[in-house]
Every structure is written in C-alpha cells, then in structure tokens.
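Q: Could we go through this structure together? I would like to begin with the sheet and then turn to individual side chains.

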Amino acid sequence: MKRTVTAIVLSLLLAPGLYAGDWTGWITDSGCGVKGANAEHKGCAMKCAAKGQALVFYNDADKKLYKLDKQDLAKEHLGHAVKVSGEVAGDGIKVSSIAEAKPAAK
C-alpha cells in the first residue's frame, strides 16, 4: 500500500514537468479551429479575434487545439507556422514564447 501511495505522490509531483516543452503548429481562432490552421486563414482569424474569439494553438503533432494565455503574443504570429514553448495546463498552454517555425511535413 505504501508503495502505491508513494508512486502516486511522486507521479503528481513530477507530472507538471512532463508537460513542458515545445510544439509546432499554427495559431488560429477558436471559431474556425482546425480549419484555420494555415497561412491563408490569417485575415479571417484577425477578424474573429477583433470580434472576441480567442486565439488558439493547433498542434501538428497530436492534432489538438490548445487555449493560449498570451493572446497578444499569439496575434503577432497569425499567418505562419509557429513553435510554441511553454507548459500544458489542462486544455491550454502557459506560453513562454512563440516564434516562427517551418511547417511540419504533412
């Protein structure tokens, strides 16, 4: 029993560090989601963001959308592939940085 409890406690303590990293994908708006994960979507995403839609990150690796805590930084990177660095927290990313990246091969 003690081993099980110890394993669970260690897993919970180490888990946040396992979700930190870098991901490549696209900034899009929450309304269009995956459909907006491309360079041609920049204008639409800007209009949607101006109307209050949140900008989100589409991760090429796991094909999921993540909320971003730094909306102003995300807005600067609409229209090109990006590398997002930060820590996953639930269904979002606590962003450390966003930089332009080459798109992943499809």
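Predicted model: local features only at pLDDT ≥ 70, side-chain atom pairs only at ≥ 80, totals over all residues.

Q: In what order do the strands close into a barrel?
A: The order is β1-β2-β3-β5-β4, five strands in total, with mixed pairing. On average, neighbouring strands of this sheet are turned by 55° against each other, with direction ignored.

Q: Let us take β2 and β3. Do they run parallel or antiparallel?
A: They are antiparallel: β2, residues 55-59, and β3, residues 64-68, are paired over four bridges. Within that pairing, valine 56 has lysine 67 of β3 as its bridge partner.

Q: And how many residues lie between the strands in that hairpin?
A: Four residues lie between β2 and β3, and lysine 63 in this hairpin adopts a positive phi near 60°.

Q: What about β3 and β5, parallel or antiparallel?
A: Those two run parallel and are joined by two bridges, β5 being residues 92-100. Lysine 67 has glycine 92 as its bridge partner in β5, and leucine 68 stands opposite isoleucine 93.

Q: How many bridges join β4 to β5?
A: There are eight, and the strands run antiparallel, with β4 spanning residues 82-89. Glutamate 87 of this pairing is opposite lysine 94 in β5. The hairpin formed by β4 and β5 has two residues between the strands, and glycine 90 in its turn shows a positive phi of about 70°.

Q: Turning to charges, how many salt bridges does the count give?
A: The count comes to one salt bridge. It is formed by aspartate 91 and lysine 67, whose closest N and O atoms are 3.3 Å apart.

Q: Which parts does that pair tie together?
A: Aspartate 91 is in the loop between β4 and β5, while lysine 67 is in strand β3, so the pair links parts that are 24 residues apart in sequence. Aspartate 91 itself is partly exposed, at a relative accessible area of 45%.

Q: What does histidine 80 contact?
A: Apart from neighbours within four places in sequence, histidine 80 is in contact with Trp26 and Glu100. There is also a polar contact of 3.2 Å between the side chains of histidine 80 and histidine 77.

Note on methods: Residues numbered from 1 in each chain as written. Heavy atoms only, no water. Pairing = 2+ DSSP bridges. Polar contact = N/O pair within 3.5 Å; in protein donor to acceptor, adjacent residues only side chain to side chain. Contact = heavy atoms within 4.5 Å. Axes fitted to C-alpha atoms, helices over the stretch in contact; angles between N-to-C directions. Salt bridge = Lys/Arg side-chain N within 4 Å of Asp/Glu carboxyl O. Buried < 20%, exposed > 50% of the residue type's maximum accessible area, 1.4 Å probe, protein only.
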